[in-house]
Amino acid sequence: MDEGFGLAGEQAGRAAFVGRGDELARLDAVLDGLGRGESAVVEVTGEAGIGKGRLVAELASRARARGMTVLRGRAAEYERHSPLRPFSDAFADLDASTRQRLPVLAELSSVLSGVGEVPSEGDAAGRFGLYQDTAAVLGRVGGAGLVMMLEDMHWADPASLELVDHLVRHPVPAPVLLVVSHRDRQAPPSLSATLTRGVDDGTVLRLALGPLSERDCVETLAGDLPPSVAAGFYEASNGNPLYFLALLKAHRETRPISVSPSAVPGGRDGLSAGLGALLLDELAPLSPLERRIVEAAAVLGDHTTTTTLCSLTDCGSQTVIEALSGLIRRDVIRREHGGRRLVLRHPLVRALVHEAIDPWRREELHRRAAGALAVAGASVMEQAHHVEQSLSGWDQQAADILVAAARQSAATAPATSAHWLGVVLRLLPDDPEHASMQGELTLLRARALAVSGRLKESRDLLHQVMDGTDGSGYDDLRTSAVTFCVRVERKLGRHPEAQALLRRELARRPGPTPLGTVRLGLELCSCAIAAARFPEVRADIAEVLRTARSLGDEIGEVAALTLFALGEVYEGETAAARALARSAAELVDAMTDNGLAELAEYLCVLGWTEMFLQHHKEAERHLDRGLEIIRRTGQVYLMPHFLTVRAHIHLDTCRITTALELAEESAEIARSLDCGDLLAFTLAFKAHVLLQARPAGSPDALSVAEEAVAACNSDTWWADLAACALAHAAFDSGDPHRAMDTLLGRGGDDELRHLQATVRPGHLELLVNAALATGRPEDAADWAERACKEADQLGLPAQRAAALSSLAQVAAHHGDSAEAGRLFAEAAELSARSGATLREAQCLLLAAPHRRATGDAADAAAKWHRGHHLAVEGGAHLLVGVAERIRPAVFGALVEPADELAALTGREREIADLVAEGLSSRAIADRLYLSPRTVESHIARIYRKTGVSSRAALASVVTRCRTARQRSDTGHPANDRASYVSWGGHLK
């Protein structure tokens, strides 16, 4: 087996493959699955030289033999700050016919490789959009299947690691195999976490390569040597094939070698001193020109061509070509990508050569490389690596290239952007002449760090900017630094600190300009709204609005109007909110997209307000426009907000499938931004969607809601959302006590006055259901009346529908089907008028069995069919299940009494029997040695399984079943009269 010699790229198939039988069998099985249309991810890991590259090459050969497309890319140690290099390297393998068939590849490849127009902070799509586009292209590239191999990913840049994480989390729905190889002990934590999570989930196959066996090495690779000599080499190499073959090569070339069992991998990058000496010793016979070419190739990396080699060696092309011929024959340099590119045969060889070059000469070679690439028209991002390596002191021209590269990579690779800006700032002279530049670049780096999730580092840099302007008045730089610092503090969950900073800055003398005061005032109001304390800043936001209007500051006016509207709608002042939102919408609709670029965040605020006011069409229009703007301007940190409110609208309007897609994308982006509150916010809405997207009793929503609560690190509106999501999920999972305790605990009192007024009737409806499920009908009636009073004050049809549903649940519990049917039907009509399709479907289904029970079979059937149609069309699996459970009660089909209790467990059947005997929960608990709470949880699950809503109805079912069993035992037929399943509708 040979990873280091003769086995990369096109030459890989020429050498016999040795060992790894188990691994090959598992890889063949993966290829079989690929042939059946399945996708897969394979991780190949092990120490340097262990044979990862050779195994990957063998897999590539076998995939090609099956007619599959193979793309191979490699990360490089000295290009780890070149964004998405492994992927651009892999896409370079695509043939011309594939590129013609998929024109989108041209645009995608330019983004990945940094050639041509590279996305910049001002005109780029967000990096997550790029990741989705990449995944979509991968699904269309391969015919019989696509195998994308990414090697040496321990050296990958952060953007590449993010893209791998995206592909592991969201497997391409096509026959695509992603192979990721890396050294186990050098893998970045993020890569290890991604792949380990995939292994745990069963989506990643891990192949951890160990040493080759002595038999494979001695008998197969060294069969021409005396066994004792070969065994000595094996012992010295510890079964590492690269080291073993290096020893063999030196022996066969009669070069003096020294082997020792202690000379095992463990030095630089896991490379032993013995192996490093062997690899470098092989280069000793080279001529001075050949040595210079090898050094130039080590510096140039992926940009090694005859042209660039000529530039770095000061030789003519013919001279370089003749020397290259000898190096290729020696297998020191190889051709790859159809001969278009030259590479040193192994990354270890490149690393050793690069490190062995005298530092002063290495800097000069990198300086020449940057110049050669500039002449060739390469992008500043491709030049930046060499510029960085050539710097030993301040150089304005070099700094300009690095800053330009940082700006271009800010949207797609913010970590790389922050790195290059850090290089410039470390060398920037600390003098008055460069003070302004230092402040601007520090602010730019702070933004890049924040976007890449390094929030605390960002905050520290912003404090430096503020300290640097502390005694020089109040300029735009300080305003920008304070504004962004407040946003970072909020993302860190430090809302009191953010507000304190803003109030301090607004009180400074000299203070910010009037325009700066507007900007800081807007941030102060945003903080208060996020903390659910809008009344404290109602006067402040009114003053900000007046100031903005007096200055003719249209941006400030729109921002103030949207925040004012959101604050009022949160407090339940719907009339005021409606007027403010209308004024904001009029201004927004008259502005161009370029004019709205600075207002993207406030377009989202406007969308939230319109959604709460049940103006779904207007909200979607503004949100769609805002999403286009933030994707074009690279404001990725705003995407979770936009996607979540769109998911909420899709949920309300019963588009459950797309709502879940939006919620999942939102949560993924929030997770990558490392902001606990934002993650809690997105997961809370995802849990709400999952409640409708999954059948009753599915654990998915509860699991996500619990994660949302755990992620939240502050006492804010987002914490309220997470707690409410947990309450609804707990009820769905059959734990009404937990649902009630969670909601009351977060709501502050029995009236839930600490929760958002605009949606409070919906939360009160949950309390009604939970109270009925736990035997507290009086409390349920009180909460239903409270929901009606709240809804009347709001004047929102969907919230009025929630209140009517609460009353209907209470009526159903008391056996008043006529009243229950009427209230559910009225709630359905209100929901339909407001566009709340999900609630309309729910209320129609709940009304149907009650309408049938009062003798209106035709109306019952019509309501059932309408509700069932809406649920099926919208992908609301929970409601579809409800519809099927109540079908017999609606259409008069006989229900076999024995079937009514068939779904109960033994313990649940036992408790149901005791309920039928008239025992209270406390009496049942004493009888069965359980707690009353456990008994009531069992009863709630029994209600769900049997479709009843009260103890009386459950007792009736148990009695019927007993009678049926008795008749069956005595030979009498069961009663021919149908027993309709009563339905109380325990839905959130």
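Predicted model: local features only at pLDDT ≥ 70, side-chain atom pairs only at ≥ 80, totals over all residues.

Residues are numbered from 1 along each chain as its sequence is written, and side-chain values use heavy atoms, with hydrogens and water left out.

**Cavity and pocket**

Rolling a probe the size of a water molecule over the atoms shows where empty space is left. On a 1 Å grid over the protein atoms alone, a cavity is a set of points where a 1.4 Å probe fits but cannot get out, whereas a pocket is an open set with protein on both sides within 12 Å along at least five of seven lines; lining residues have an atom within 4 Å of a point. Grid points are joined across faces, edges and corners, and a volume is the space filled by probe spheres set on the points.

Searching the whole structure gives eleven cavities of 30 Å³ or more. The second largest cavity, with a volume of about 450 Å³, is lined by 22 residues, of which R490, A530, E601, H641 and W718 lie nearest its centre. Two or more lining residues come from each of α23 (476–491), α25 (514–530), α27 (554–570), α30 (600–612), α34 (676–693) and α36 (717–732), where helices are DSSP runs (H or I, at least four residues) numbered from the N terminus. The most is given by α30, with five residues.

The largest pocket holds about 890 Å³ of space. Its lining comprises 33 residues, and R447, R487, E598, Q635 and Y637 are the closest to its centre. Here α21 (435–451), α23, α25, α27 and α30 each give two or more residues, and α23 gives the most, with six.

**H495**

H495 lies in helix α24 (residues 495–506) and, at 5% relative accessibility, counts as buried (under 20% relative accessible area, against over 50% for exposed and partly exposed in between, with a 1.4 Å probe and protein chains only). Leaving aside neighbours within four places in sequence, H495 is in contact (heavy atoms within 4.5 Å) with R490, A530, D677, S714 and T716.

**Salt bridges**

Side chains of opposite charge can pair when their charged atoms come close. The count comes to 56 salt bridges, each a side-chain nitrogen of Lys or Arg within 4 Å of a carboxyl oxygen of Asp or Glu.

One of them joins R361 and E295 at 3.2 Å, N to O, linking helix α17 (residues 359–375) with helix α13 (residues 288–300) across 66 residues. R361 is partly exposed at 23%, whereas E295 is buried at 10%.

E601 pairs with R487, their closest N and O atoms being 3.7 Å apart. Because E601 lies in helix α30 and R487 in helix α23, this pair ties together parts 114 residues apart in sequence. E601 is buried, with a relative accessible area of 18%.
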